[in-house]
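Please read the following briefing on side-chain contacts alongside the sequence and the 3D view.

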Amino acid sequence: MQTAQAPQDDVRPCGDVHVVLPAYNEAAALPPLLRRIAAVELADRITVWVVDDGSSDGTGDCVAGVRGLDVRLVRHPVNLGLGQAVQSGLRAVLDAAAEGDVMVVMDADDTHDPGLIPALLREIAAGADVVICSRFVGGGDDSTAPRWRRVLSRGARVVFGRVLHFDGIQDFTCGYRAYRVSLLRRAAAHWGERLVEERGFACMVELLMKLRHCGPVVSEIPFRLRYDRKPGSSKLRLGRTLTQYLVLLTRDRLAPVPYRKL
């Protein structure tokens, strides 16, 4: 995997932007987040895909009446977990997107600033295939998050940094990222429905693990987590997530490398 940016004379412009919001009981957070996305400079190029993951609080009803934004709804009749919500959003995007488009995944709890979307697109246009919003580079910050979540993120940073050998990448677990649709399409052609198998928060690391076989250019931009805007409690469970990380690492060690270049 490469982390250096492409030369400036190799700038590749972006197409439209597809923002995937996996959402479980986010009726309080989703409306202000959608308004923030609608206020982004490039909002006329954005399609938002809200994946209502079996919510019981009317989350899916929040997509109606948003002005100045193309919002589409994908529903799970029951809660399947973050990983399957990401998978459903990814599949919806791949069915609708053009080859030059970009998919952005964000949390739906209003802790991620949509104002970073133009910066993500600039990195893509400069040659990156994956751009991570990083809490651990200069200008990044996660001080508003609970202490136990900060410890978990830093532990994952150390472990996955050693296992995956992503030189220059600091944040492996943040859910705020941009991907070239063409890269995701190549990976999906190989893994199919197995592209995202994890049900919980480990899905973000899993996706990086599988995309690394495509040899993408990966970069990071500074990101300040706004956990103080989160209206409810965290849905991440420490013990469950640690177990998922362990299973993911074991499965990656045992899984064969793709037999051909992706």
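The points below cover one histidine and its surroundings, then salt bridges, then aromatic rings.

This is a predicted model, in which local features need pLDDT of at least 70 and side-chain atom pairs count only at pLDDT 80 or more, while totals for chains, interfaces and linings use all residues. Residues are numbered from 1 along each chain as its sequence is written, and side-chain values use heavy atoms, with hydrogens and water left out.

- His76 is in strand β3, residues 70–76; helices (H or I, at least four residues) and strands (E, at least two) are DSSP runs, numbered from the N terminus.
- With a relative accessible area of 9%, His76 is buried; buried means under 20% relative accessible area, exposed over 50%, and partly exposed in between (1.4 Å probe, protein chains only).
- The side chains of His76 and Asp53 are joined by a polar contact of 2.7 Å. A polar contact is a pair of N or O atoms within 3.5 Å; within protein, one must be able to donate a hydrogen and the other to accept it, and residues adjacent in sequence count only if both atoms are side-chain atoms.
- Leaving aside residues up to four places away in sequence, His76 touches Val51, Asp52, Asp53, Gly54, Gln84, Ala85 and Ser88, where contact means heavy atoms within 4.5 Å.

**Salt bridges**

- The structure holds 13 salt bridges, each a side-chain nitrogen of Lys or Arg within 4 Å of a carboxyl oxygen of Asp or Glu.
- One of them joins the side chains of Arg75 and Asp52 at 3.3 Å, N to O. This pair links distant parts of the chain, 23 residues apart: Arg75 is in strand β3 and Asp52 in strand β2 (residues 46–53).
- Asp52 is buried, at 4% relative accessible area.
- Arg75 also forms a salt bridge with Asp61, with the closest N and O atoms 3.7 Å apart. Asp61 lies in the loop between β2 and β3 and Arg75 in strand β3, so this pair ties together parts 14 residues apart in sequence.
- Asp61 is exposed, with a relative accessible area of 56%.
- Arg194, Glu197, Glu206 and Lys210 are linked in a network of salt bridges.

**Aromatic rings**

- One aromatic pair is found in a search of the whole structure; rings of Phe, Tyr and Trp (its six-membered ring) pair if their centres lie within 6.5 Å, and planes under 30 degrees apart count as stacked, over 60 as edge-to-face and the rest as tilted.
- Tyr176 and Phe223 form this edge-to-face pair, at 5.7 Å centre to centre and 90° between the planes.
- Tyr176 and Phe223 are both buried.
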